[in-house]
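Colleague: Hey, I'm new to this one. Can you put it up and walk me through it?
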Amino acid sequence: MVAVLRYLGGACRRALGCFPGACGPALSRPWTLGGGGRSASTRSFDVAIVGGGIVGLASARALIRRHPALSVVVLEKEKDLAVHQTGHNSGVIHSGIYYKPESLKAKLCVQGAALIYEYCNQKGIPYKQCGKLIVAVEQEEIPRLKALYERGLQNGVQGLRLIQQEDIRKKEPYCRGLLAIDCPYTGIVDYRQVALSFAQDFQEAGGSVLTDFEVKDIKMADGSKNGMKYPIVIKNTKGEEIQCQYVVTCAGLYSDRISELSGCNPDPHIIPFRGDYLLLKPEKCYLVKGNIYPVPDSRFPFLGVHFTPRMDGSIWLGPNAVLAFKREGYRPFDFSASDVTDIIINSGFLKLVFQNFFYGVNEMYKACCLGATVKHLQKFIPEITVSDILRGPAGVRAQAVDKGGNLVDDFVFDGGVGDAGNRILHVRNAPSPAATSSLAISKMIVDEMQQRFEL
Ligand SMILES: Cc1cc2nc3c(=O)[nH]c(=O)nc-3n(C[C@H](O)[C@H](O)[C@H](O)COP(=O)(O)OP(=O)(O)OC[C@H]3O[C@@H](n4cnc5c(N)ncnc54)[C@H](O)[C@@H]3O)c2cc1C
């Protein structure tokens, strides 16, 4: 029988890999299947959304709010919601400065940040608009910093200023730098708490959530050409199934596999990149007031190791970007033979390694050698020493890579072909800042569904 979520208070504390401090008081409310939701035995839905991370939950919420008559279900493989990328990230509300003007990332981040602040205000979810400095510490970084500033202005980011050394010191008394972008609109929040609030809204509007439901197969039902109302069958690994009319997949680190098993394109493939964080010891947290970021290397989508305050008052340093030998593997030695084989046989990966060999080796070296990371951090805050830091948690990024070995930079949404493919919409690449952008992404997904599925 299909397992129905009974999301009991405190369940998040047991959550797989839930980051410390991620479970606020708002999460302890007992949850059951939403009031208007279908009963436990109901197996047919108008729309099934695969993936209970922030993108899937925001999309489910947006869909049911716009189309209250639809029956919508979220299918999640874990026992709890939002425990992968959504529960393992820096928690930064990005302003939209980094992204190529006119790209989806730029537009959806700027819109999404405003929507997240508004949502948190409405729901009383705690956040801090603590701002961010992007700091040039070497002369050669200054032209790139100025170009980034221009890009931020083009993207319409609020409140940006270029500031000199003395103003850097006023904002961050322990930070050294030649020139910085002051970005007061940046904030921090607990994205898992936001995602669980989306789930609660969705259930209160009548949506259903099935956890412990790992989707293994998506196909047309036998005899579906005879005008069946729910022609798509979704099976899980336990042999249980549901039927639906349309599917949206938001499977994060498994977005390529879900696409492939539904008969759609396996490309772009996902390569998992682990990001390890270090923690500043509590007695040294006074060294950092807001977010401090380096000038990013424009060849990579990662923003570089940064100093990030957390909602619980701790300070995280990171994340780096090293190849993960297991999707959803949060410990350095986590290994999955099938995931590694998948990475190696993907031709795009070998090209990626060839093109970025020295960057990869350097990241691996810094991941193993704390002293090397601290040396980098000292360029910003010279007072920091190895004895001030502890090893912290990690996250794994779902990074899409195309056949040519290029990191896919923008968000990617894709449909399929054929009877089943025409009824499916896949979110193929939703890397950072997809948590910030989640409410804007969800609006776009519902617009796309409306058009594609004629809802
Ligand atoms: C280290 C790190 C730092 C980051 N920092 C930031 C930041 O500061 N700000 C920001 O905006 N973004 C940040 N991001 C990015 C952000 O966290 C992600 O873009 C966002 O969480 C993606 O959400 P998602 O719902 O697509 O994926 P996920 O949260 O990974 O959710 C996907 C869900 O699909 C489920 N699933 C997968 N396969 C199946 C299946 N077969 N059947 C059923 N369910 C399935 C998974 O269990 C999972 O719950 C960061 C990411 C990482 C990893």
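Predicted model: local features only at pLDDT ≥ 70, side-chain atom pairs only at ≥ 80, totals over all residues.

Colleague: Is V73 buried or exposed?
Modeller: V73 counts as buried, because it has 26 C-beta neighbours inside 10 Å; the cut-off for buried is 20 or more.

Colleague: And how far is V73 from K216, C-alpha to C-alpha?
Modeller: Their C-alpha atoms are separated by 16 Å, and the two residues are 143 apart along the chain.

Colleague: Let's zoom out. What domains is the protein chain divided into?
Modeller: There's domain 1, made of 11–87 + 191–268 + 410–453, and domain 2, which covers 272–402.

Colleague: How many residues are in contact between domain 1 and domain 2?
Modeller: On the domain 1 side 15 residues, and they're in contact with 18 residues of domain 2.

Colleague: Now the ligand. Where does it lie relative to the domains?
Modeller: Between domain 1 and domain 2, because both of them give residues to the shell around the ligand.

Colleague: Which residues come nearest to the ligand?
Modeller: Of the 41 residues around the ligand, the nearest are G51, G53, G252, G395 and A434. As for elements, α1 (54–66), β18 (389–401) and α12 (434–453) are those that give two or more residues to the shell.

Colleague: What's the breakdown of that shell by class?
Modeller: The shell around the ligand has 19 nonpolar, 17 polar and 5 charged residues.

Colleague: Switching topic: what about helix α3, which residues of α3 are buried?
Modeller: L145, L148, Y149 and G152. They're on the same side of α3, because they cover an arc of only 105° around the axis. P143, A147, E150 and L153, on the other side of α3, are exposed.

Colleague: What do the buried residues of α3 pack against?
Modeller: Three strands: β5 (132–136), β6 (161–164) and β7 (179–183).

Colleague: And how many residues does α3 have?
Modeller: Helix α3 runs over residues 142–154, so to speak 13 residues, and reaches 18 Å from its first C-alpha to its last, close to the 18 Å expected. Just after α3, G156 takes a positive phi of about 80°.

How values were computed: Residues numbered from 1 in each chain as written. Near = placed C-beta within 6 Å. Helix = DSSP H or I, 4+ residues; strand = E, 2+ residues; numbered from the N terminus. Nonpolar A, V, L, I, M, F, W, Y, C, P; charged D, E, K, R; others polar. Domains from an automatic or database assignment. Expected span 1.5 Å × (residues − 1). Buried ≥ 20, exposed ≤ 12 C-beta atoms within 10 Å, placed from the backbone. Arc of directions from axis to C-beta. Contact = placed C-beta atoms within 7 Å.
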